[in-house]
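Hello,

Here is the structure I promised to pass on to you. Have a look at it first, and then read my notes below.

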Amino acid sequence: MQLNSNVPSGPIAEKWDKHRFDMKLVNPANKRKYDVIIVGTGLAGASAAATMGELGYNVKAFTYHDSARRAHSIAAQGGINAAKNYQNDGDSVFRLFYDTVKGGDFRSREANVYRLAQISLNIIDQAVAQGVPFAREYGGLLANRSFGGAQVSRTFYARGQTGQQLLLGAYQALERQVGAGTVELSTRHEMMDVIVVDGVARGIVTRDLVSGGIESFTADAVVLATGGYSNVFFLSTNAKHCNVTATWRAHRRGAGFANPCYTQIHPTCIPPSGEYQSKLTLMSESLRNDGRIWVPKDAGDTRRARDIPEGERDYYLERFYPSFGNLSPRDIASRRAKEMVDSGHGVGELKNGVYLDFKDAIARLGRDAISERYGNLFEMYQKITGESPYETPMRIYPAPHYTMGGLWVDYDLMTNVPGLFAIGEANFSDHGANRLGASALMQGLADGYFVIPLTIGNYLARVPKKPIPTDHAAVKDTEREVKEKLDSLMAVNGSRTVDSFHIELGRLMWNACGMERSREGLEDALRRIPELREEFWRDVRVPGSAADLNQSLEKAGRVADFMEFAEVMCHDALTRDESCGAHYRVEHTTEDGEARRDDENFAHAAVWEFRGVGEAPVRHEEALVFENVQLSTRSYK
Amino acid sequence: MKLTLHVWRQSGPNDPGRHERYEADDVSEHMSFLEMLDVVNERLVGQGEEPIAFEHDCREGICGSCGMMINGVPHGPKTLTTACQLHMRSFRDGDEIWIDPWRATAFPVLKDLVVDRSGFDRIIASGGYISVRTGSAPDGNAIPVPKDNADAAFDAATCIGCGACVAACPNASAMLFTSAKVAHLAQVPQGQAERWDRVLAMVDRHDAEGFGNCTNHGACQTACPKGISIDYIAQLNRDLIRATLRARPVEAGRDA
């Protein structure tokens with residue numbers, strides 16, 4: 001497997017500029033001769049499709065939703081970072097770059113992160129021009145707030161619905177191109193496989209989720225914007241349909257999968273209430289700006305929150321990390337919460353949470369100010385739990401949320417399969433081993449609006465234009481394999497539901513490869529996953545027909561891929577014999593329980609090559625070189 | 001608690017469809033409405049039957065995928081709440097619950113509770129945007145937007161496109177949906193250049209999709225899980241009249 005990051009030479013601040021000059025361009029009149037497939041219409045996919053449509057490419061976009069507006073980007077609450085320095089508080093492109101590399105625990109590629117920080121400025125401008133109703137001050141200028149892992153206020157927000165407003169902006173831009181005829185959008189179409197011809201990505205096979213029809217689409221390049229894989233844990237903050245299928249299918253066709261074990265646990269979610277729990281709901285991290293996290297000092301204290309006097313509360317984040325306090329990064333806040341619950345200090349009926357208390361903020365700023373900032377989050381919390389955060393502290397607990405790992409891509413966001421690109425959460429490039437809050441929206445839109453529309457031209461201008469007919473042997477073979485897989489899922493006709501398998505896999509992964517990982521636990525999981533997968537293929541029951549709208553079949557295909565993917569995730573966690581960011585190996589901790597990196601042996605991205613189901617995958621490395629940021633131990637004390 | 005469900009089952013667009021009765025035992029008050037349906041579906045699959053098809057995704061009230069008539073009310077009995085955010089503490093032991101898909105000519109049923117809402121996308125594609133080419137935007141702070149305008153635009157922009165307004169309306173009108181986008185973009189300075197063309201195009205598309213017109217019943221704003229106000233329809237109508245009557249710039253050099 002060839003892994004050339006293709007990072008341009010020169011000083012980091014000039015790389016992107018230099019690269020834009022060095023790139024080959026596609027002449028405006030020729031752009032319409034190129035077909036580009038984009039899979040997924042979240043922030044990355046919708047912004048990419050809209051922008052490439054504007055540029056004149058012939059874009060075919062696909063989503064499995066009924067509308068492009070449903071993608072899970074819509075649920076992002078807190079905000080989007082940009083180094084605008086509108087607050088005059090010392091922010092700069094370099095500081096955002098530095099914070100992101102440090103927040104990622106020095107496991108990301110410097111050049112990509114620097115470009116992200118540079119582009120962050122343009123994203124805000126673009127979104128404002130589209131009419132995205134960001135929060136504003138009384139003078140009419142944009143407002144900011146601070147977020148975990150940063151000491152400046154650089155986060156732009158639209159109440160607690162920033163993802164919704166940014167996605168609607170991108171969706172509207174996309175629909176404009178659909179109306180203009182530059183983008184052909186297929187809704188309710190799920191990508192089932194990538195078509196690779198002579199080692200080059202040339203199309204996709206889809207399933208029409210209404211008719212069950214299998215169709216092939218060919219193109220000059222394929223862009224995957226298909227999000228992350230947190231649902232491997234079954235319970236996560238992701239939407240129910242989020243899955244690994246598109247990126248996993250690409251991986252099976254030769255694309256390297258980088259750092260699959262980097263999965264982020266979000267510290268502020270609502271704890272589960274029972275066995276039937278279908279997903280976990282995130283409460284924006286921005287709440288940590290004004291909320292104080294605590295547990296009773298006395299394990300086993302069963303009094304109501306309001307009856308516990310100040311002196312008997314342990315504001316543990318403020319105690320451990322005096323300078324960052326409640327705003328310490330996600331991985332640290334999550335592990336400390338788990339520690340509190342594990343040691344019996346948990347709160348709530350099931351003693352499975354910690355308090356996030358707004359009492360002091362309400363006393364200081366008034367109820368109206370708090371309602372202005374977090375009103376919709378408080379309402380959402382009350383709907384789910386029946387409790388009002390104005391009256392009694394929220395209960396929160398960590399949950400799987402975002403996956404930093406993804407398809408390996410070079411500086412142009414192309415995978416090692418020529419013509420196959422990955423953008424947004426689907427790639428691995430910018431967040432290292434841990435993502436800072438309000439950086440996912442930034443990356444999705446940076447990739448979609450400003451990076452891929454240029455870098456794809458650099459690819460297209462270099463390869464010969466050669467159309468692939470839809471009856472080409474490679475197309476037909478891929479189609480046949482897709483049909484065979486669906487038929488075999490239907491044919492099992494066993495006794496267990498798809499969900500029951502997914503729940504079992506999720507529990508196994510949460511215990512072995514969740515917030516904490518150990519050699520013993522991972523080795524055990526690597527024995528059990530193949531057994532569970534074998535049982536799945538022997539005993540799963542998918543009712544109905546493949547030639548129809550069949551939600552059980554949709555789920556079955558996705559869970560089948562999770563069953564394969566889970567294994568490489570554990571291999572990655574096992575072979576990364578260090579702790580870094582969100583990857584926390586119990587064998588590698590400092591004296592006070594923090595992650596201990598091993599830069600000498602692990603300052604690289606691990607990139608996995610597929611060798612067959614049940615075969616051990618091959619591990620490759622891309623060395624990470626830090627020329628602009630000094631490797632140091634993260635300290636938020 | 002124990003519940004009796006009467007759920008609309010329809011195998012496809014051409015099947016006439018009918019209600020089927022299901023008993024839901026062991027329902028916890030902490031379950032969401034969709035989790036209650038999950039439990040029913042798990043049992044159906046266990047019995048070798050096809051589960052009830054319904055749309056859902058984020059399950060936190062923001063994606064707009066879910067939506068069904070629950071006892072004749074879009075998204076059920078709790079105001080400002082989507083079906084996924086509705087919890088079973090809103091029901092009582094022994095309740096009978098009737099569950100139907102959205103009913104509207106412009107939202108044909110695809111299967112069970114799943115309908116085709118693509119008309120909404122086509123309304124947006126007809127003009128529900130500000131035309132701004134990527135990269136051509138001025139600095140974000142170049143155009144101050146008074147906080148009141150920004151807040152008002154935000155209130156309109158929170159529409160999740162679920163279709164409850166259409167399902168609630170006796171005319172199956174999508175005016176609340178259309179007006180929310182018109183009002184969002186008409187209230188920010190960036191949206192002024194296309195303001196009049198936008199409202200004309202979107203209303204044309206709305207009508208062409210087969211949605212009915214608004215006769216001020218107000219059922220839509222009651223049903224809306226995001227509290228979108230019917231005042232936006234009044235605002236749309238004002239803009240529509242001004243757009244219709246407005247003097248267009250003289251087009252020079254045209255042949256007579």
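Contact here means that heavy atoms lie within 4.5 Å. Please keep in mind that this is a predicted model.

Leaving aside its neighbours within four places in sequence, Phe565(A) is in contact with Tyr229(A), Val232(A), Val244(A), Trp248(A), Phe257(A) and Pro260(A). Phe565(A) also belongs to the largest nonpolar core, which has 196 residues. Together with Met52(A), Ile80(A), Phe134(A), Ile456(A) and Met509(A), Phe565(A) touches the most other members of that core. Helix α16(A) gives the most to this core, with 13 residues. Another core lies apart from it and has 31 residues, including Ile332(A) and Tyr397(A).

Next, look at how α16(A) (residues 551-575) packs with α15(A) (residues 519-539): the angle is about 160°, and the axes are 9 Å apart. How do the two helices run, roughly parallel or roughly antiparallel? Angles over 145 degrees count as roughly antiparallel, so α15(A) and α16(A) are roughly antiparallel to each other. The crossing of α15(A) past α16(A) is left-handed. Among the residues making the contact are Leu522(A), Ile529(A) and Phe536(A) of α15(A), and Val559(A), Met563(A) and Cys570(A) of α16(A). By class, this contact has 16 nonpolar, one polar and five charged residues.

Finally, turn to chain B. In helix α3(B) (residues 147-157), the buried residues are Lys147(B), Ala150(B), Ala153(B), Phe154(B), Ala156(B) and Ala157(B). Their cover includes α6 and α11 of chain A, together with α5 and α8 of chain B.

Enjoy exploring!

Methods. Residues are numbered from 1 along each chain as its sequence is written. Chains are lettered from A and ligands numbered from 1 in the order in which they are written. This is a predicted model: local features need pLDDT of at least 70, side-chain atom pairs count only at pLDDT 80 or more; totals for chains, interfaces and linings use all residues. Side-chain values use heavy atoms; hydrogens and water are left out. Axes are lines fitted to C-alpha atoms, for helices over the stretch in contact, and angles run from 0 to 180 degrees between N-to-C directions. Helices (H or I, at least four residues) and strands (E, at least two) are DSSP runs, numbered from the N terminus. Angles under 35 degrees count as roughly parallel, over 145 as roughly antiparallel, 65 to 115 as roughly perpendicular and the rest as oblique. A crossing is left-handed if the near helix is turned anticlockwise from the far one by less than a right angle, and right-handed if clockwise. Ala, Val, Leu, Ile, Met, Phe, Trp, Tyr, Cys and Pro count as nonpolar, Asp, Glu, Lys and Arg as charged, and the others, Gly among them, as polar. A nonpolar core is a set of buried Ala, Val, Leu, Ile, Met, Phe, Trp, Tyr and Cys residues joined through side-chain atoms within 4.5 Å. Buried means under 20% relative accessible area, exposed over 50%, partly exposed in between (1.4 Å probe, protein chains only).
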